[in-house]
Amino acid sequence: MSEFLAVLSNYDLVGAYWLNIQLTFFAGLASLVIGTILALMRISPIPSLQFAGTTYVNLIRNTPLTIIVVFAALVLWPVLGVEFSTDFATNFFWLAVAALSVYHASFMCEALRSGVNTVPAGQAEAARAIGLPFLPAARLVILPQAFRGAIAPMGNTLIALIKNSTVAAAISVPEISILMKEMMENEGNYVIPIFLTVAVGFVIIVVPIGLAVTYLSQRLAVSR
Amino acid sequence: MSRQTVLFDAPGPRARRNVRVGNWIGAVVVIGIAVFVMVQLNAAGQLRPELWAVVVDPDSWRYNFLPGLQNTLVAAAYSIVTAVVFGLLFGVGRLASNRALRWFCGVVVEFFRAVPVLVMMVAGYQILGRFTAVSGTAQLLLGVVIALTLYNGAVIAELVRSGVYGLPKGQREAGLAIGMTRGQSIRSIELPQALIAMLPSLVSQFVVILKDTALGYIIVYPELLRSARLLGSGAPFAILQSLFVAALIFIVLNYLLSKVAELVARKVGGRTSGKARANPAPPNAVTVPAVGGSGT
């Protein structure tokens with residue numbers, strides 16, 4: 001055990017996890033913004049915007065994340081000239097963030113939309129019946145309930161994003177799964193303990209967020 | 001296209017005019033973005049016919065796309081079978097009356113749902129290399145299948161459990177009322193209905209499995225994405241085009257699978273007292289909270 005701990009201390013596990021958390025943070029913000037725009041397009045009464053939003057979601061949701069990440073690194077940057085930074089590592093980090101954002105935006109959109117779908121039509125009818133115009137009805141009656149209904153699916157998307165941040169390994173962003181591979185190759189005697197260590201790290205990050213999401217979504221649930 | 005009615009009242013003449021105007025503005029913006037993308041692609045020389053000729057060349061399909069697709073489908077097929085078995089075993093285990101067994105199955109399921117598929121894939125591949133004689137493509141394939149089985153099996157186990165919990169209470173009470181034990185009622189009344197109710201979600205989970213075989217790219221399993229990349233790495237460097245085709249193949253397959261899920265949902269709806277519905281393809285890692293079925 002103490003030997004294994006000595007092995008562990010040779011590697012910067014925390015630094016690698018920190019990279020996953022950074023990827024998650026930036027991609028989470030960006031996908032929330034893109035997802036909100038997509039959700040607004042899809043719930044608007046305007047057919048052309050609905051069509052564009054639906055097409056985006058159906059195409060991206062059915063594409064493997066790995067393809068999108070590889071596309072960012074092999075096409076977006078070298079072929080189409082999208083460059084976030086002249087520093088190689090920084091550039092790849094942001095390319096990975098871009099790919100993660102594009103992919104998870106479609107799930108954020110669907111999470112928000114399913115939140116709107118939890119609001120019964122009677123709520124909107126009641127708001128109109130007491131004379132509220134469109135914007136006040138949306139602001140005071142519908143969106144507050146829609147947001148509460150969207151907490152659980154948005155939380156699930158966030159958890160998926162944390163785990164999917166490891167896919168940045170496809171373009172050599174030195175996050176935890178790349179470090180794990182390197183450790184396993186160097187320290188062949190400790191393959192299983194290394195896996196358990198990395199896995200428990202994810203359990204420690206993911207399970208509290210899952211519990212918090214469940215707690216919040218139940219606490220804030222609109223009782224019907 | 002799903003019409004949302006909750007936010008909007010039935011439009012009057014003025015609202016209809018606004019929608020029409022908005023529709024044109026929206027169409028112009030969307031087409032503008034498409035034109036901009038095409039202009040950029042053209043400027044980068046990516047619309048040249050010789051690049052697109054690469055991906056319609058029969059040889060590209062014979063030596064790259066089809067063998068890659070075959071490996072993808074093989075990995076997906078094995079993973080689907082093993083994940084369903086794993087999921088049924090542990091899902092039923094979580095419903096067992098034996099407390100130790102229930103607890104054990106719960107810990108296993110929660111553990112594998114929390115660990116990224118890629119981490120399990122890399123670890124599975126390395127562990128196989130260290131402790132078994134398996135090597136080469138078999139080792140890569142097994143690495144992919146093990147990871148997909150553990151993660152998706154855990155998700156399927158949750159489907160089984162939430163399927164049973166999602167049944168109306170009266171089903172269990174009716175079983176108990178005619179003198180069945182809790183176990184008998186689970187086995188002969190609740191599980192059969194729960195399994196039928198979960199069929200659509202199960203098919204949706206197959207979409208996740210198919211998509212996640214692409215993670216095999218990272219451990220260099222020769223699946224579709226890997227073979228598309230190889231094709232694009234040689235002259236004349238049609239990398240955009242070959243990745244585009246690989247993505248298109250995935251999109252078509254997954255779209256068909258999700259249509260199957262919807263079809264199944266319609267077919268089995270009347271055969272169970274549970275809620276049979278097709279979830280849209282979830283992101284490849286969903287933690288469904290304890291409140292059944294709300295995860296998407």
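## The annotated domain of chain B

Residues 69-261 of chain B are 82% helix and 0% strand, and the end C-alpha atoms of this span lie 22 Å apart. Helices (H or I, at least four residues) and strands (E, at least two) are DSSP runs, numbered from the N terminus. UniProt, in an unreviewed entry, places the feature "domain: ABC transmembrane type-1" at residues 69-261 of chain B. UniProt positions follow the numbering used here, feature names are shortened, and annotations may be inferred rather than shown by experiment.

This is a predicted model, in which local features need pLDDT of at least 70 and side-chain atom pairs count only at pLDDT 80 or more, while totals for chains, interfaces and linings use all residues. Residues are numbered from 1 along each chain as its sequence is written, and chains are lettered from A and ligands numbered from 1 in the order in which they are written.

## Overall form of the two chains

Chain B has 10 helices and zero strands. Its radius of gyration is 24 Å, well over the 19 Å that the globule rule gives for 296 residues, so chain B is more spread out than a compact globule. The radius of gyration is taken over C-alpha atoms, and the globule rule is 2.2 Å times the number of residues to the power 0.38. The C-alpha trace of chain B spans about 75 × 75 × 30 Å along its principal axes. Of the 296 residues in chain B, 45% are buried. A residue is buried if 20 or more other C-beta atoms lie within 10 Å of its own, exposed if 12 or fewer, and partly exposed in between, with C-beta atoms placed from the backbone.

Chain A has nine helices and zero strands. Its C-alpha trace spans about 70 × 45 × 25 Å along the principal axes, and 47% of its 224 residues count as buried. Among contacts in chain A between residues at least 6 apart in sequence, 73% join residues at least 24 apart. Two residues are in contact if their C-beta atoms, placed from the backbone, lie within 7 Å.

## Transmembrane annotations

In chain B, an unreviewed UniProt entry gives the feature "transmembrane region" at residues 21-41, 73-92, 104-128, 140-160, 194-219 and 239-257. Residues 104-128 of chain B are 92% helix and 0% strand, with end C-alpha atoms 24 Å apart. Residues 140-160 of chain B are 100% helix and 0% strand, and their end C-alpha atoms are 30 Å apart.

For chain A, UniProt lists "transmembrane region" (unreviewed entry) at residues 20-41, 62-80, 92-112 and 190-216. Residues 20-41 of chain A are 100% helix, with 31 Å between the end C-alpha atoms. Residues 62-80 of chain A are 63% helix and 0% strand, with 23 Å between the end C-alpha atoms.

Helix 4 of chain B (residues 99-114) has 16 residues, which at 1.5 Å a residue should span 22 Å; the end C-alpha atoms are 23 Å apart, which agrees. The expected span of a helix is 1.5 Å times one less than its number of residues. The buried residues of helix 4 of chain B are B:Cys105, B:Val109, B:Phe112, B:Arg113 and B:Ala114. Their cover includes helix 9 (191-219) of chain A, together with helix 3 (58-93) and helix 6 (136-165) of chain B.

Helix 5 of chain B has 15 residues and reaches 21 Å from its first C-alpha to its last, close to the 21 Å expected.

## The contact between the chains

The contact takes 57 residues from chain B and 66 residues from chain A. On the side of chain B that touches chain A, helix 1 (13-43), helix 4, helix 5 (117-131), helix 9 (224-233) and helix 10 (239-268) of chain B each supply at least two residues. Helix 10 of chain B gives the largest share, nine residues. By class, this side of chain B has 39 nonpolar, 14 polar and four charged residues. Ala, Val, Leu, Ile, Met, Phe, Trp, Tyr, Cys and Pro count as nonpolar, Asp, Glu, Lys and Arg as charged, and the others, Gly among them, as polar.

## Backbone exceptions

Most residues other than glycine have a negative phi, and most peptide bonds are trans. The peptide bond from B:Ala235 to B:Pro236 is cis, with omega near 5°. B:Pro236 lies in the loop between helix 9 and helix 10 of chain B. B:Phe237 is found in the loop between helix 9 and helix 10 of chain B and has a positive phi of about 60°. B:Phe237 counts as partly exposed, with 15 C-beta neighbours inside 10 Å.

In chain A, phi of A:Ser172 is near 65°. A:Ser172 sits in the loop between helix 7 (134-164) and helix 8 of chain A, and with 14 C-beta neighbours inside 10 Å it counts as partly exposed.
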